[in-house]
Amino acid sequence: MKRILLLAAAALIALSSYAQFNNPDNRAYFGLRLSANINSPSDVSVGKISFDGFKTGPGFSFGGVYNIPVWQNLYVEPGLMLWRDTYKENVFDDDERDAKYKFKKFGISIPVMVGYRFDVFSRGGWSFFTGPELRIGLAGKETDGDGHSEDLYGDEGVANQADCAWNFGTGINVDKFYVGFTASIGMADMFKEQPKYRENRFCFSVGYNF
């Protein structure tokens, strides 16, 4: 009898937890997002040789997302963002001094995240998500320490305009406010020719859901 009561109690707790973590009445909503980014390019590779070719740099992105419930707390969230990235080339001149070459880029991105939210708060939830992100550079410059700059894109440019990344992240919603963290792993080589490298970044985001 005690065993039956214990099993019944465990079942009630499991059902209660399931009801807490899953909400069948979720609705679609639009949200604004502002992110501070740390751009961390991968090592540069030339054939089988690789080396640390870039230093990290700051960036930001701003845009909107549309959260679409699929089943209970499972959702799909496409978005459209404007972004600006900067980082430095890790190169030296003939006197072994930092040559201070900088990349400055501006563009748009289209992330499509698939996630699940656990309703662990009375006024919000904790989400985990992953998915691809298409990034397109609209303008870019490579600037040296003397202020001379060259275009990164176009026929004369050395960089590819299109990039694809895979994102992993987590976020917390409280009422209509959002705070999140995302790690982005670059999947495409960014130089047209040798050497090769990929763009990774870490993003801290805040937002508001309507």
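**Exercise 1.** Which residues lie nearest the centre of the largest pocket, and how many residues line the pocket?

*Solution.* The model is predicted.
- Step 1. Count the lining: 20 residues.
- Step 2. Go to the centre. Asn26, Arg27, Tyr29, Arg117 and Asp175 lie nearest.
- Step 3. Sort the lining by class. It has 9 polar, 7 charged and 4 nonpolar residues.
- Step 4. Find the strands involved. E5 (57-71), E7 (102-121) and E8 (124-143) each give the lining at least two residues.

**Exercise 2.** Find the salt-bridge partner of arginine 123 and state what the pair ties together.

*Solution.* 
- Step 1. The partner is aspartate 175, with the closest N and O atoms 3.2 Å apart.
- Step 2. Arginine 123 sits in the loop between E7 and E8, and aspartate 175 in the loop between E10 (162-174) and E11 (177-186), so the bridge ties together parts 52 residues apart in sequence.
- Step 3. Check accessibility. Arginine 123 has 54% relative accessibility, so it counts as exposed. Aspartate 175, at 44%, is partly exposed.

**Exercise 3.** Decide whether the salt bridge between arginine 135 and glutamate 133 joins buried or exposed residues.

*Solution.* 
- Step 1. The N to O distance is 3.7 Å.
- Step 2. Recall the cut-off: buried means under 20% relative accessible area.
- Step 3. Arginine 135 has 4%, so it is buried. Glutamate 133 has 9%, so it is buried.

**Exercise 4.** Classify the partners in the salt bridge between arginine 198 and aspartate 189.

*Solution.* 
- Step 1. Their closest N and O atoms are 3.6 Å apart.
- Step 2. Arginine 198 is partly exposed at 36%. Aspartate 189 is partly exposed at 32%.

Definitions and conventions
Residues are numbered from 1 along each chain as its sequence is written. This is a predicted model: local features need pLDDT of at least 70, side-chain atom pairs count only at pLDDT 80 or more; totals for chains, interfaces and linings use all residues. Side-chain values use heavy atoms; hydrogens and water are left out. On a 1 Å grid over the protein atoms alone, a cavity is a set of points where a 1.4 Å probe fits but cannot get out, and a pocket is an open set with protein on both sides within 12 Å along at least five of seven lines; lining residues have an atom within 4 Å of a point. Helices (H or I, at least four residues) and strands (E, at least two) are DSSP runs, numbered from the N terminus. Ala, Val, Leu, Ile, Met, Phe, Trp, Tyr, Cys and Pro count as nonpolar, Asp, Glu, Lys and Arg as charged, and the others, Gly among them, as polar. A salt bridge is a side-chain nitrogen of Lys or Arg within 4 Å of a carboxyl oxygen of Asp or Glu. Buried means under 20% relative accessible area, exposed over 50%, partly exposed in between (1.4 Å probe, protein chains only).
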